[in-house]
Amino acid sequence: MTDFELRRDLRDLRGPREPQRDLWPEIAGRIAADSRLDQEPVRRRRRWPLAVAAGIAMMIGVGVFSLALRDRADSAANSSLAEQSRLDVGQQIQRAREQAALSDPRLVSAEVVLDAASSELDHALSQQPDATFLVGLINRTNAQRRKLARLGLDAS
């Protein structure tokens, strides 16, 4: 087939064509069937109220469970922190008095704060050994402690 014949066949396809059979009866039947489906009531199950109720019940359960865990953890933490704070505060006050006589009181107060923070972070890490953010906080506290020691050495 040459290029000329191909163009001529394409040009013949461009004209109007009659279908081999009448399509209108099928189209009218489908339209009528669709209109009958639209008129029938659709019975749908509404499940969203059940889902909302289940979600609310789940949230209440999780809230009660977390409150129970928090109360248990708070009571255990308060008893151990109270004992630790009684011992540590006395030691810290004695240490602060000794160093205040030797160096700048601002450095001593900063050291007391860093010691308290360090002991609290150690206690928190013993409670949650998986908490990697606590290790980062301990490292930052130790870095601050080293910086404070350098300042103390430079001051004296």
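The model is predicted: local features need pLDDT of at least 70 and side-chain atom pairs count only at pLDDT 80 or more, while totals for chains, interfaces and linings use all residues. Residues are numbered from 1 along each chain as its sequence is written, and side-chain values use heavy atoms, with hydrogens and water left out.

**Overall fold**

- The protein chain contains five helices and zero strands; helices (H or I, at least four residues) and strands (E, at least two) are DSSP runs, numbered from the N terminus.
- Read from the N terminus, the order of the elements is α-α-α-α-α.
- Of the contacts (heavy atoms within 4.5 Å) between residues at least 6 apart in sequence, 45% join residues at least 24 apart.

**Surface**

- The protein chain exposes about 13,700 Å², and carbon and sulfur atoms supply 59% of that area; accessible areas come from the Shrake-Rupley method with a 1.4 Å probe, and for residues only the protein chains shown count as cover.
- Trp 48, Val 52, Ile 56, Met 59, Ile 60 and Val 64 make a nonpolar surface patch of about 660 Å².
- Patches are made of residues with over 30% relative accessible area and no salt bridge, where like charges are joined within 9 Å and nonpolar side chains (Val, Leu, Ile, Met, Phe, Trp, Tyr) within 5 Å.

**Salt bridges**

- Side chains of opposite charge can pair when their charged atoms come close.
- The structure has three salt bridges, each defined as a side-chain nitrogen of Lys or Arg within 4 Å of a carboxyl oxygen of Asp or Glu.
- Asp 3 and Arg 7 form a salt bridge at 3.6 Å, N to O; both residues lie in helix H1 (residues 3-13), four residues apart, about one turn of the helix.
- Arg 7 counts as exposed because its relative accessibility is 52%.
- Arg 21 and Glu 26 form a salt bridge whose closest N and O atoms are 2.6 Å apart, and Glu 26 is partly exposed at 42% relative accessibility.
- Arg 145 and Asp 115 meet in a salt bridge at 2.9 Å, N to O; this pair links distant parts of the chain, with Arg 145 in helix H5 (residues 132-155) and Asp 115 in helix H4 (residues 105-127), 30 residues apart.
- In that pair, Arg 145 is partly exposed at 29% relative accessibility, whereas Asp 115 is buried, with a relative accessible area of 14%.

Conventions. Buried < 20%, exposed > 50% of the residue type's maximum accessible area, 1.4 Å probe, protein only.
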